[in-house]
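Hello,

Here is the structure we spoke about. Please have it open while you read the notes below.

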Amino acid sequence: MLDRLQKLSKQFEAELGEAASQADILAVKAKYIGKKGEISSILKGMKDASPEEKKTVGKESNRLKQEMHKAISQALSEREKQEIEEQLRQNRQDISLTKSLLGQRHPAAYHPVTIVQREIEDIFTSMGFTILNGPHIEDDYHNFEALNIPETHPARDMQDTFWFSDMKHLLRTHTSPMQVRGMETHTAPFKFVCPGKVFRCEDTDASHEMVFHQLEGMMVGENISVANLIYFMKVLLAEIFGKEVEVRLRPGYFPFVEPGFELDIKCLICGGSGCSVCKQTGWVELLPCGMVHPRVLEYGQVDTDKYNGFAFGLGLDRLVMMRYGIDDIRYLHSGDLRFGQQFSEY
Ligand code: FA5
């Protein structure tokens, strides 16, 4: 019996050495020290052995069993370690920079929207306007109600709105809520501009994005007229383009202005002959504007017997497209470094 145990021990070592996977190791374990394994069957076969033999073989079997247990758990933990290492090797990512990349210079550049926005801010601050910034997440009151767009007003359909689940908050659909916020923090007379991102749930094309930029402007004072409005719009365009650009003014409807206008620019991508940016019309809607509706001024606690004003909502991305001859608005948000680097360097 002791010989048999010795043989078993050698056999066990050889088979465990060859076990490649966890499953192989567990199979060896079952074969030798499992309930129906080799050691158990030796012990069972000792029924008729002498007490002396039972004692020696029993002792040796137990010792061997313990040794096997130890060897099995060692093999299992080694195997586990190997598997983890293998996984790490497979998921390895090289986060070091190669020498060639380190040597290569990537000139940084301001985004064209930033460049034009800053120029416009300079133009307006030089004319006494202040610059305001406001939240992207708005409430119904500032985005609609205080702009004379009550819940039942058909003009709400013009704004494809991203609502939050509480149906009280939304991603602002235009920068016009800043008219309301500006009136909350300023006392007439005042004039300010507010650039920023706006969000609309609509299909994209060469001149439409879901996230784009507007620049709101508002001037409130005594005896403000449409002539004042047109003057500021002309200054803005002359400064930005550095040349005469052809524009047209036509009536436009916005519940928060009366009268309201659409100021379009002759498409500078196709020169007016028609393209995907101007939708073959030769004109691009750029700068809606108008005289602030008295009800909006009243929401802002402005004394309408004394003051009136104008407001405008410039489509900043479209202005950038016209200025640089960019024929698709989607380039502006592509994140492609080659696109950005064409505009400026630090
Ligand atoms: C408005 O958003 C009004 N709040 C503007 C306004 C302000 C009117 C103050 C009167 C007084 P509108 O939806 O037309 O209006 O958008 C203004 C400008 O944003 C457009 O003329 C256009 O240049 C630009 N624009 C509109 N939708 C998109 C879009 N999906 N992608 C890129 N630019 C857009």
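A polar side-chain atom of Gln214 lies 3.1 Å from an oxygen atom of the ligand. Two further side chains come up against nitrogen: a polar side-chain atom of His174 is 2.9 Å from a nitrogen atom of the ligand, and for Glu202 the distance from a polar side-chain atom to a ligand nitrogen atom is 2.9 Å. Please keep in mind that this is a predicted model, and that these distances are computed from it.

How much of the ligand does the protein cover? On its own the ligand has 680 Å² of accessible area, and the protein covers 94% of that. As for where the ligand is found, it sits in the largest pocket.

Next, the shell around the ligand. Which elements give two or more residues to this shell? They are strand S5, residues 211-221, and strand S10, residues 308-315. S10 gives the most, with four residues. In total, 24 residues surround the ligand, and the closest are His174, Ser176, Arg200, Glu202 and Glu209. Sorted by class, the shell has 10 nonpolar residues, eight polar ones and six charged ones.

Now the chain as a whole. It is divided into domain 1, which runs over 2-90, and domain 2, which runs over 112-340. Taken over C-alpha atoms, the centres of domain 1 and domain 2 are separated by 80 Å.

Last, some notes on the backbone. Most residues other than glycine have a negative phi, and most peptide bonds are trans.

- Ala188 and Pro189 are joined by a cis peptide bond, with omega at about 0°. Pro189 is in the loop between helix H8 (177-185) and strand S4 (190-199).
- Glu258 and Pro259 are also joined by a cis peptide bond, again with omega at about 0°. Pro259 is in strand S7, which covers residues 257-266.
- Met167 is not a glycine, yet its phi is positive, at about 60°. Look for Met167 in the loop between helix H7 (140-143) and strand S3 (169-171).

If you want a place to start, go to Gln214 and its polar side-chain atom 3.1 Å from a ligand oxygen atom, then move to strand S10, which gives four residues to the shell.

Regards

Technical notes:
Residues are numbered from 1 along each chain as its sequence is written. This is a predicted model: local features need pLDDT of at least 70, side-chain atom pairs count only at pLDDT 80 or more; totals for chains, interfaces and linings use all residues. Side-chain values use heavy atoms; hydrogens and water are left out. A residue is near a molecule or strand if one of its heavy atoms lies within 4 Å of it. A polar contact is a pair of N or O atoms within 3.5 Å; within protein, one must be able to donate a hydrogen and the other to accept it, and residues adjacent in sequence count only if both atoms are side-chain atoms. Accessible areas come from the Shrake-Rupley method with a 1.4 Å probe; for residues, only the protein chains shown count as cover. On a 1 Å grid over the protein atoms alone, a cavity is a set of points where a 1.4 Å probe fits but cannot get out, and a pocket is an open set with protein on both sides within 12 Å along at least five of seven lines; lining residues have an atom within 4 Å of a point. A molecule sits in a cavity or pocket if more than half of its atoms lie within 2 Å of its grid points. Ala, Val, Leu, Ile, Met, Phe, Trp, Tyr, Cys and Pro count as nonpolar, Asp, Glu, Lys and Arg as charged, and the others, Gly among them, as polar. Domain bounds come from an automatic or database domain assignment.
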